[in-house]
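Welcome, and thanks for opening the viewer. Keep a cartoon view at hand and follow the selections below, one stop at a time.

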Amino acid sequence: MSTTDAVRDEILGEIAAIIREVVGEEWAQETPIERETTFGGDLELESIEIVALGEQVQARWPSADFVTWLSSMQLDEIIELRVGQLVDYVAECR
Amino acid sequence: MPVVDANGVRLHVQQLGTKGAPVLMLHGIVFDSLATWYFTVAPALAAHRRVILLDWRGHGRSSPATSGFGLRALARDVAAVAEQLAPEPAAIVGFSYGGAVALRYAVDHPDRVERIAVVDSPLPVVRGDGLDWMERVLDSKSPGEWLELLPPRQRAVLAGDGRRMQRRVDQMTRLCHGTALRRELAADSDVDDDELASLDRPVLLAYGARSWYEETRDRLVRSLPDARVTMIDSGHFVPFEAPEALQAALEAFLDA
């Protein structure tokens, strides 16, 4: 495993923890959260929960400008985002 | 989570952008939240402005409330947020019910308002004929019924009968059946024509070409001293159906 992969795995772990905290429901603790997991179809996150996720991602990685990143996407694209896309964005911004 | 204490409740707020003139953006009522703006036009507006979004009481991530949903009550919540986050005169943008609150707020606090953009809002908010969107939504029995009222893009976002949809239904059910909302909306539903006539601030009326509220648009054109209309190729849900066109209309109005 390259250093980059290790960094991405670490970010994935942290983002998964943030998602579980934002959802705050029992099922989220047991649901696997992987690179291919989608915010909408798989996790069924509501849009206001993605706002909460963005707030925490921004606080954890201040160099990642979540709002500007989102502004290039439509709401339906955002809902179908994969966790891995957010991981890659955070990794690039570090 | 950033919050503002307002009239006994904690309102969830999001601030986007750090430089420029303040813009307060108000969302619709019952199944809406500040995500309506956050995921559509707000990030683009925030490139050159300080955009402030808030969740109404009992909506999104604001604390639950059993009363205080009429136009005057929500205008007081807006006043509390403005006082704490943007005490200088600000532009106010409101979608649907939020636009009606924006007009009420501007009439009640003219010195705090620089200009107002009303996006496909009803006024009066509740009409007696039972055909009003709010009434249709509140009277509909199944989530599927009111899901059909939504444009395809928003329908896709809420998708089927999963958790996302259930959470919206839960918020709606709580607000419609567990609070004074319906009674308060009926009791405090309008801004009078003479009050509208006193509002000497520029008002943008951004209405969908297939709006549910043509009558309101025409009434506001007649009553407001400084109103301009922008027609957008959209139905009622303009932020979701035509975000690019709405963004362009708002940018032009805010920069004028």
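Start by selecting residues 22–26 and 90–95 of chain B: these are strands β3 and β5, which run parallel and are joined by four bridges. (Helices, H or I with at least four residues, and strands, E with at least two, are DSSP runs numbered from the N terminus.) Click on B:Val23, and you will find B:Ala91 as its bridge partner in β5(B).

Some notes on what you are viewing: this is a predicted model, where local features need pLDDT of at least 70, side-chain atom pairs count only at pLDDT 80 or more, and totals for chains, interfaces and linings use all residues. Residues are numbered from 1 along each chain as its sequence is written, while chains are lettered from A and ligands numbered from 1 in the order in which they are written.

Now widen the selection to the whole sheet. Eight strands of chain B form an open, mixed sheet in the order β1-β2-β4-β3-β5-β6-β7-β8; two strands pair if DSSP finds at least two bridges between them. At the edges stand β1 (3–6) and β8 (227–232) of chain B, each with a single partner strand, so one side of each has no neighbour in the sheet.

Next, pick residues 71–85 of chain B. This is helix α3, which packs on the sheet and touches β1, β2, β3, β4 and β5 of chain B. Here, contact means that the C-beta atoms of two residues, placed from the backbone, lie within 7 Å.

Two loops of chain B deserve a stop. B:Asn7, in the loop between β1 and β2, has a positive phi near 50 degrees. In the loop between β6 (113–119) and α5 (133–139) of chain B, find B:Pro124; a cis peptide bond joins B:Leu123 to B:Pro124, with omega about 0 degrees. For context, most residues other than glycine have a negative phi, and most peptide bonds are trans.

Move to chain A and select residues 83–93, helix α6. Its buried residues are A:Val83, A:Leu86, A:Val87 and A:Val90 (buried means 20 or more other C-beta atoms within 10 Å of a residue's own, with C-beta atoms placed from the backbone). Looking down the axis of α6(A), you will see these buried residues within an arc of 100 degrees, so they line one face of the helix; the arc is that of the directions from the helix axis to the C-beta atoms.

Last, show both chains together. Here 16 residues of chain A are in contact with 23 residues of chain B. On the chain A side, α3(A) gives the largest share, five residues.

Technical notes: A residue is buried if 20 or more other C-beta atoms lie within 10 Å of its own, exposed if 12 or fewer, and partly exposed in between; C-beta atoms are placed from the backbone. Axes are lines fitted to C-alpha atoms, for helices over the stretch in contact, and angles run from 0 to 180 degrees between N-to-C directions.
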